[in-house]
Amino acid sequence: MTLQELIDGLNLRLLTTPKNFSQIQPSGGYASDLLSCVMAGAQHEGIWVTLQAHINIVAVAALLDLVAVIITENALPDEATIARANTENITILVTPCQLSKL
């Protein structure tokens, strides 16, 4: 499944710079709000699902070379976080859904 299929299927909203998401195939997914758990358990080039919306999500995503971070419950990062994600080439997506309903 491509990242574009996931975006379309879950009706995700893109907050960062658009890319050719149909060419990106995530290696897997990981859901957690604890940064240390994500660093230990998420797959390289995977997708991270979280309620966290602060700038540290970008650092963790960059460290693991994640293809995207999906923020739940319409939590919105500030402009500095979005700008940093664009600088680090991290895709940030948002959903109104709760983690348990994705």
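1. Let me start with D65, which sits in the loop between α3 and β4; helices here are DSSP runs of H or I with at least four residues, strands are runs of E with at least two, and both are numbered from the N terminus. Its phi is near 55°, a positive value in a residue other than glycine. Most residues other than glycine have a negative phi. D65 is partly exposed, with a relative accessible area of 38%; the cut-offs are under 20% for buried, over 50% for exposed and partly exposed in between, with a 1.4 Å probe and protein chains only.

2. A word on the source before going further: this is a predicted model, in which local features need pLDDT of at least 70 and side-chain atom pairs count only at pLDDT 80 or more, while totals for chains, interfaces and linings use all residues. Residues are numbered from 1 along each chain as its sequence is written, and side-chain values use heavy atoms, with hydrogens and water left out.

3. With 64% relative accessibility, N11 counts as exposed.

4. Now the overall fold. The protein chain has four helices and five strands, and along the sequence they follow the pattern α-β-β-α-β-α-β-α-β. The radius of gyration of the protein chain is 12 Å, close to the 13 Å that the globule rule gives for 102 residues, so the chain is as compact as a globular protein of that length. For the record, this radius is taken over C-alpha atoms, and the rule is 2.2 Å times the number of residues to the power 0.38. The C-alpha trace spans about 30 × 25 × 25 Å along its principal axes.

5. The sheet is open, with its five strands in the order β1-β5-β4-β3-β2 and mixed pairing; two strands pair if DSSP finds at least two bridges between them. β1 (13-14) and β2 (29-31) stand at the edges with a single partner strand each, so one side of each has no neighbour in the sheet.

6. Going through the parallel pairs, β2 and β3 are joined by three bridges, with A31 opposite V49 in β3. From β2 the chain crosses through helix α2 (residues 35-41) to β3, and this β-α-β crossover is right-handed, meaning that, with the strands pointing away from the viewer, the path from the first strand over the helix to the second runs clockwise. Strand β3 (residues 47-50) pairs with β4 in the parallel sense over four bridges; I47 stands opposite A68, and W48 has V69 as its bridge partner. β3, α3 and β4 also make a right-handed β-α-β unit.

7. Which residues of β4 are buried on each of its faces? A68 and I70 are buried on one side, and V69 and I71 on the other. In β3, I47 and V49 point one way and W48 and T50 the other, and all are buried. In a regular strand the side chains alternate between the two faces of the sheet.

8. The largest nonpolar core has 19 residues, of which W48, I57, V69, I71 and I92 touch the most other members; such a core is a set of buried Ala, Val, Leu, Ile, Met, Phe, Trp, Tyr and Cys residues joined through side-chain atoms within 4.5 Å. α3 (56-63), β4 (68-71), α4 (79-87) and β5 (92-94) each supply at least two residues of this core, and α3 gives the most, with four residues. A second, separate core of 12 residues includes L3, I24, V67 and A68.

9. Leaving aside residues up to four places away in sequence, V69 touches W48, T50, I57, A61, I90, T91, I92 and L93, where contact means heavy atoms within 4.5 Å.

10. Finally, some totals. Buried residues make up 41% of the 102 residues in the protein chain. Of the contacts with a separation of 6 or more, 43% are between residues 24 or more positions apart.
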